[in-house]
Amino acid sequence: MTLRCAIIDDEPLAAELLAGYAERTPGLRLTGVYGSAVAAMKDLRQSPVDLLFLDIQMPELSGLEFARLLPTETRVVFTTAFDRYAVDGYKVNAAGYLLKPVSYEQFAATVVTVAESVAAGRRRSAAARDGFVYVKSEYKLVRVDLADISHIEGVKDYVKIYLGGRRRALMSLMSMKTLEDSLPRGQFIRVHRSFIVNMAKVTMIDCGRIVVGEDYIPVSESYKDRVQEYIDDHCLQ
């Protein structure tokens with residue numbers, strides 16, 4: 001996967017440094033370098049990028065102001081020499097924050113994080129659209145229809161995907177976080193460190209446990225609010 005990226009910075013040396021980093025980083029394609037948000041506005045509205053490295057303190061239009069005008073699919077990484085801007089940056093859902101002078105190690109680590117987020121978002125969109133995913137199991141790619149999944153259990157470094165309750169299960173070497181990020185949100189909810197549930201398969205909620213078929217799945221304290229929100233949205237009272 002290749003991410004289209006752009007850089008906006010009114011400091012030529014800082015912009016040149018980031019451009020050099022982008023050009024040497026696999027998986028990035030630099031589409032433009034701009035000296036101001038105003039100069040970039042037309043291009044980035046017509047051809048949105050996946051990742052934007054954006055300086056905060058600039059004349060005419062600050063990075064924080066410009067970030068609020070961008071399409072939601074554009075991940076923004078703020079770059080600045082001022083620590084006090086960090087909190088403001090995350091208020092507009094920044095994907096990252098880099099303090100100048102930016103090292104290549106910091107730059108590359110941020111790109112990896114963003115790439116993982118973009119890939120998960122694309123998998124989640126495709127799964128929601130098509131209704132199935134492919135799962136690696138025993139050296140094969142197995143098609144799994146989302147409607148067949150009742151729940152998922154984390155077992156050490158593996159996940160156990162239950163298809164139609166306990167009657168059939170599929171083991172795959174991956175993390176619960178990877179699977180959670182790749183499944184349609186709202187339908188599949190993490191209810192415990194070790195369990196993800198297809199809420200369409202829930203038959204009852206009893207004493208802090210979710211019932212799926214004959215299985216009673218615990219709801220942990222850290223995920224209780226998320227489950228309660230789902231219940232409130234669907235409860236007729």
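Guide: Start with F53, which stands opposite V77 in β4. This is a predicted model, in which local features need pLDDT of at least 70, side-chain atom pairs count only at pLDDT 80 or more, and totals for chains, interfaces and linings use all residues. Residues are numbered from 1 along each chain as its sequence is written, and side-chain values use heavy atoms, without hydrogens and water.

Visitor: What makes β3 and β4 a pair?

Guide: Pairing requires at least two bridges found by DSSP between two strands (E runs of at least two residues). Five bridges join β3 (51-55) to β4 (75-80), so they pair, and they run parallel.

Visitor: Why are β2 and β5 called edge strands?

Guide: The open sheet has five strands in the order β2-β1-β3-β4-β5, with parallel pairing. β2 (28-34) and β5 (96-99) each pair on one side only.

Visitor: How do you know that helix α2 packs on the sheet?

Guide: Contact means heavy atoms within 4.5 Å, and α2 (37-46; a helix is an H or I run of at least four residues) touches β1, β2 and β3. Its direction makes about 155° with that of β1, on axes fitted to C-alpha atoms, for helices over the stretch in contact, with angles from 0 to 180 degrees between N-to-C directions.

Visitor: Which element supplies the largest share of the lining of the second largest pocket?

Guide: β6, with five residues.
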